[in-house]
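Reader: I am new to this structure. Please take me through one part of it closely, in short steps.

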Amino acid sequence: MESSGKRDGFTTTVGVIVATLGSAVGLGNIWKFPSLTGMNGGAAFLIIYLAMTLLVGLPVMISEHVMGRKARADAITTLQKLAPGSAWWLIGAAGVLSAFLIMAFYTEVAGWVFAYVIKALSGSLLSTDPAVTTQAFTTLVSNTWWSLIVQWVVLLWVAFIIVAGVSKGIERMTKRLMPILFAILLIICIRALTLPGAGEGLRFLFQPDFSVVTWGTVLVAMGLAFFKLSVGMGTMITYGSYFREDQNIPLTATRVMLADLLVSLLAGIAIFPTVFTYGFAPDAGPSLLFITMPAVFASMPAGGLFMVLFFVLAAVAATGAMLSLFEVPVAVLAERTKLSRKGATWVTFAALAVVGSLAALSSSTLADVHLFGMTFFDLFDYATQNILLALGGLFICLFAGWKWGSAAIQEQLSNGGTLNNGVVVKAYTIVVKYVTPILVFLVLLNGLGIV
Ligand code: TRP
């Protein structure tokens, strides 16, 4: 905490939006969204994802923001302040655990992205032969030291921004990065839409094929909605605690949700037409980004330039998201222990480097270590996206809808009665009490094959 005793926070309304959007927009948009859409039936998946975003992601985001702003504290302390003497703080504690598990694999993927910016600049990725781009990727991920080094570089980069503080670090950096992100994304989209395969790519993205949809698909879409909006684990509680008192929370959350959706769709529009134009398969999964895309760019005129832009885009997106994940344990340590923000940052850095190495080495030294039939990387990814975030979101809704009380919520959502948004408050209250928890519960039970 600042020595003056005043808590740091976002300084302007725009600052709140860019930082929150910076958290939502990330590898989820550029890596997970296109590959999951590709693997799960294109537009059919998109429609389910949209429903989940509206009925699950948005209400949980609003709940987290109001809780954080009311308590003005880190994720654990927020719940202790709002429900003293109860066990609800465990939501915050579970959130810190989720932040670690997500960061563990996220920083590794971000590390590959950073490495690919350099590789793209050097021109060494420019091959139209998927065998060559596969080889380039395998060489990177199967090398123990490189796997660790790229992750450490990413962690250092994020730590340096976090140390600078909430307004001078997170807010200032995301304000610079978000315009760059939109500019690059638009350039790549225009290029993609002027390619001969654009029609086929768009049809793939926007024409529904429901024959592939199962409960498992619905679970994946719900998990993606949580992951995309950074909800279900206290990131948005922490960011909400830095919101301005006069911030219109329902409006802010809706804007962030829509802008995040736009970025996801634009990423799909940037990727699928190019993939179809040059005859690659759209359903390559995570390797879409690192194996398919370089080969696709290499097939394209001036592809070297577009490849550099594409990986810079991914690096920029990943940065804002990682800031918000890193901030969760830092806020907890800085506010609950004697550590300064600087101390909290470096303790978190060290802890993340240790936990992260389990995921980083999942394609090399630890490739043969399996838990529940998965490597650490896959386990952290699966457990957070499909289970932990959903459970966190479920309890956050139960807390906001049933425990906290509608008077307190109404006060927060309307900024003490100064906003004229009674309809919004009513709709939110019904959704968060009944719709979201029941939906999350059903999808979890069915998607995990419990019923
Ligand atoms: N939303 C980010 C993305 O799409 C990832 C992310 C940041 C996240 N903070 C989070 C996911 C908190 C879950 C919870 O890449």
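Author: First, a term. A helix here is a DSSP run of H or I with at least four residues, numbered from the N terminus. The model is predicted.

Glutamine 385 belongs to helix α16, which covers residues 376-403. Is glutamine 385 buried or exposed? Its relative accessibility is 4%, so glutamine 385 counts as buried. The cut-off for buried is under 20%.

Now its surroundings. Leaving aside residues up to four places away in sequence, glutamine 385 touches Lys32, Leu36, Val220, Gly223, Leu224 and Phe227. One of these, lysine 32, also makes a polar contact: its side chain meets the side chain of glutamine 385 at 2.6 Å.

Phe227 leads on to the ligand. Phe227 is among the closest of the 17 residues that surround the ligand. Gly28, Tyr106, Lys228 and Ser230 are also among the closest. Which helices each supply at least two residues of the shell around the ligand? They are α1 (13-24), α2 (27-39), α5 (89-122), α10 (215-228) and α14 (303-336).

Next, the polar atoms. A polar backbone atom of serine 23 is 3.1 Å from a nitrogen atom of the ligand. For leucine 27, a backbone N or O atom lies 3.1 Å from a ligand oxygen atom. Serine 324 uses its side chain: a polar atom there lies 3.2 Å from a nitrogen atom of the ligand. Taken alone, the ligand exposes 360 Å², and the protein buries 100% of that. The ligand takes up the space of the largest cavity.

Notes:
Residues are numbered from 1 along each chain as its sequence is written. This is a predicted model: local features need pLDDT of at least 70, side-chain atom pairs count only at pLDDT 80 or more; totals for chains, interfaces and linings use all residues. Side-chain values use heavy atoms; hydrogens and water are left out. Buried means under 20% relative accessible area, exposed over 50%, partly exposed in between (1.4 Å probe, protein chains only). A polar contact is a pair of N or O atoms within 3.5 Å; within protein, one must be able to donate a hydrogen and the other to accept it, and residues adjacent in sequence count only if both atoms are side-chain atoms. Contact means heavy atoms within 4.5 Å. A residue is near a molecule or strand if one of its heavy atoms lies within 4 Å of it. Accessible areas come from the Shrake-Rupley method with a 1.4 Å probe; for residues, only the protein chains shown count as cover. On a 1 Å grid over the protein atoms alone, a cavity is a set of points where a 1.4 Å probe fits but cannot get out, and a pocket is an open set with protein on both sides within 12 Å along at least five of seven lines; lining residues have an atom within 4 Å of a point. A molecule sits in a cavity or pocket if more than half of its atoms lie within 2 Å of its grid points.
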